Amino acid sequence: MSLQRLQALRALMSSQRPVLAAYIIPTADAHNSEYIDAADARREWISAFTGSAGTAVVTSSQALVWTDGRYYTQFEREVDLSAWTLMKQTLPDTPTLEKWLASNLKDGDVVGVDPQTMTRDEWTPIQTALKKISAQLVPISNNLVDDVRIELGDPAPKRSHNELAPLHVRYTGRTAGEKIAELRRKMAEKKASALVLTALDDIAYTLNLRGSDIEYNPVFFSYLIVMETNVVLYWGDGQLPPSVTDHLREEGVDSVEGKPYGDILEGLKEMARELSESGDGRHVIWLSNDANEAIHRAASGSDVLKRPIDLISEVSPVKLAKLVKNEIELQGFRNCHIKDGIAVVRFFRWLHDQIDGGEQITEVQASDKLLEFRRDEKDFMGPSFGTIAGSGANGAIIHYSPDREGQQTVIERDHMFLLDSGGQYRDGTTDITRTRHMSGNPTAEQRDAFTRVLKGQIMIGSALFPKGVKGNVLDSFARHALWEVGLDYGHGTGHGVGHYLNVHEGPSGVSWRPYPDDPGLNVGQILSNEPGFYKVGEYGIRHEDLIEIVAVDKGSDHPKAKNLRGDYDGRGVLGFSTLTLVPNQRECIDAEIMTDFEISYVNAYHRRVLDTLSPILKERGLLKDLEWLEGQCIPITRK
């Protein structure tokens, strides 16, 4: 199947004028979304690789996919390796995509890409590299993979266009009117006549609206243009329902014009023309640097303009605003983690009871049961991503997802079981990973790895650091105990999290690679803390909590506060407060390789979990779950 699709694509590349020597297929939609709708899953369709990140390049004789270490094992399991080559982009000897193109193409060659699937920041280095060998990068307005799908009788599914749901200010803490007023102040500082928002979560956040167009992400396909006196929302057919206009009016946004989603490029060209012809000097249009190449070209003007339009292309002001949560959002995060903790504790008690009783539970059945427990909680709206439920060797596939249609994997009693899951609640978003040995009797090697990963999580969770430091500075803390014995993991340590929005939210994070637009860590940000270890073919271990950045001084309730002697010369001291409330498995912890501080930290955390959740379990009559939780929170000690 993969070869047939490649052959059809190559034939279409040959029919283009000029002929395409290479065609690039990013994992992307027009909004640079990390998770995409089925209508945009072009790289997956052409290659059969289902990972959420990767870029394909097809030439007349080669087909390659660049992806990172989370997906190496998955790629080799899913893809026809006789037709496709894996480019391991996190390895130092792997050339970047642009370097590979420059080394393998010749003078005069043409490379094509759909400009709506590539940001300006991605486009420019490829274009520069190709110019050096007298080759060129050209925009192909019709996506060739979409054309091949039609040709082979397998057209892409219709793009989702679901209802919009207002999110009340009691959850958001700020009205849409207040947010737009703040954007206009930022625009005035830049002397910008218009701000064009293209990221779906930026738009949902700004308007206090949520949708369901992309699975697990409460967003909706749209573009938003903010001007000095009005707002234009490109959505659906342009007809905004009364529930939306009423909501926006109540939140202080009186002038909202609806336009069809598909008209955005022509709309930008027309706006550029009108601004150019106005008689009050040159105008500035502000775009996010993750807006696609087609958006940048349209905003710069389609024809020769009376006056040139100046484009600002930099990090979106909305991205920076929603990075720091307000107090209502932070309290929502704390509340939803209590609810999520109840659901996950109930699930693990149930799972152990089933397996200890001799029942065969598959990974899919476990995922479904966890969803049942989450649905019992107030304001639960759905999972925040596809549950990763990996037993044994499947746990070593970092972004594994059990297949409902294929052969089902039973969670074995003598296996490590890795469960990475999360929930979308109206008051916040959760993301938690716990790894458990189902018999409670891991091997010495598994117990050592489990403990080293936990030590890394503790080192991050208890860290103190200066305000404004970049997240990459902290990454090695999480790896320290693993590095001491020559172990590591092939993914970042932490990502930002949206408030009832995308579970992965930039522009800050904790990774060995710096985040390019990271403004520095500050109070009110939410990050994940998720070191891991993966022994391919045997087991995987990951511990993940969500953590809130808090200010720390000598009187703070922080395990290292009392030792403070300064505040980094006035910069201010920051630390983390753990939001997640689910115990780690005591039987997998080797207290002999833990410090006194680490043992005290784990015991204090388990005590807080028990103190927070036990009254709720008792009130709801969930006494078996309470008894199980009490057993899991018994203090750990050395022999």
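**Close-up 1. Pro507 is found in strand β23, residues 505-510.** The model shown here is predicted. A cis peptide bond joins Gly506 and Pro507. Its omega is about 5°.

**Close-up 2. A cis peptide bond also joins Arg17 and Pro18.** Here omega is about 0°. Pro18 sits in a loop, with α1 (2-15) on one side and β1 (22-26) on the other. Most peptide bonds are trans, and most residues other than glycine have a negative phi.

**Close-up 3. Asn208 has a positive phi, near 55°.** Asn208 is not a glycine. The residue lies in the loop between α9 (200-207) and β9 (209-210).

**Close-up 4. An open sheet is built from 6 strands.** The strand order is β12-β11-β10-β8-β13-β14, and the pairing is mixed. The edges belong to β12 (256-259) and β14 (309-314). Each of these has a single partner strand, so one side of each has no neighbour in the sheet. On average, neighbouring strands are turned by 20° against each other, direction ignored.

**Close-up 5. Strands β8 and β10 run antiparallel.** β8 covers residues 194-197, and β10 covers residues 223-227. They are joined by 4 bridges. In one of them, Ala194 has Met227 of β10 as its bridge partner. Strands of a sheet pair through backbone hydrogen bonds.

Close-up 6. Two or more lining residues come from each of β27 (545-551), β28 (573-578) and α18 (596-619). Helix α18 gives the most, with 6 residues. By type, the lining divides into 9 nonpolar, 6 polar and 2 charged residues.

**Close-up 7. The UniProt record (unreviewed entry) places the feature "domain: Creatinase N-terminal" at residues 5-149.** Over this stretch the chain is 34% helix and 19% strand. The end C-alpha atoms are 8 Å apart.

**Close-up 8. The feature "domain: Peptidase M24 C-terminal" is placed by UniProt (unreviewed entry) at residues 573-636.** Helix makes up 53% of the chain over these residues, and strand 9%. The end C-alpha atoms are 30 Å apart.

Definitions and conventions:
Residues are numbered from 1 along each chain as its sequence is written. This is a predicted model: local features need pLDDT of at least 70, side-chain atom pairs count only at pLDDT 80 or more; totals for chains, interfaces and linings use all residues. Side-chain values use heavy atoms; hydrogens and water are left out. Two strands pair if DSSP finds at least two bridges between them. Axes are lines fitted to C-alpha atoms, for helices over the stretch in contact, and angles run from 0 to 180 degrees between N-to-C directions. UniProt positions are given in the numbering used here, feature names are shortened, and annotations may be inferred rather than shown by experiment. Ala, Val, Leu, Ile, Met, Phe, Trp, Tyr, Cys and Pro count as nonpolar, Asp, Glu, Lys and Arg as charged, and the others, Gly among them, as polar.
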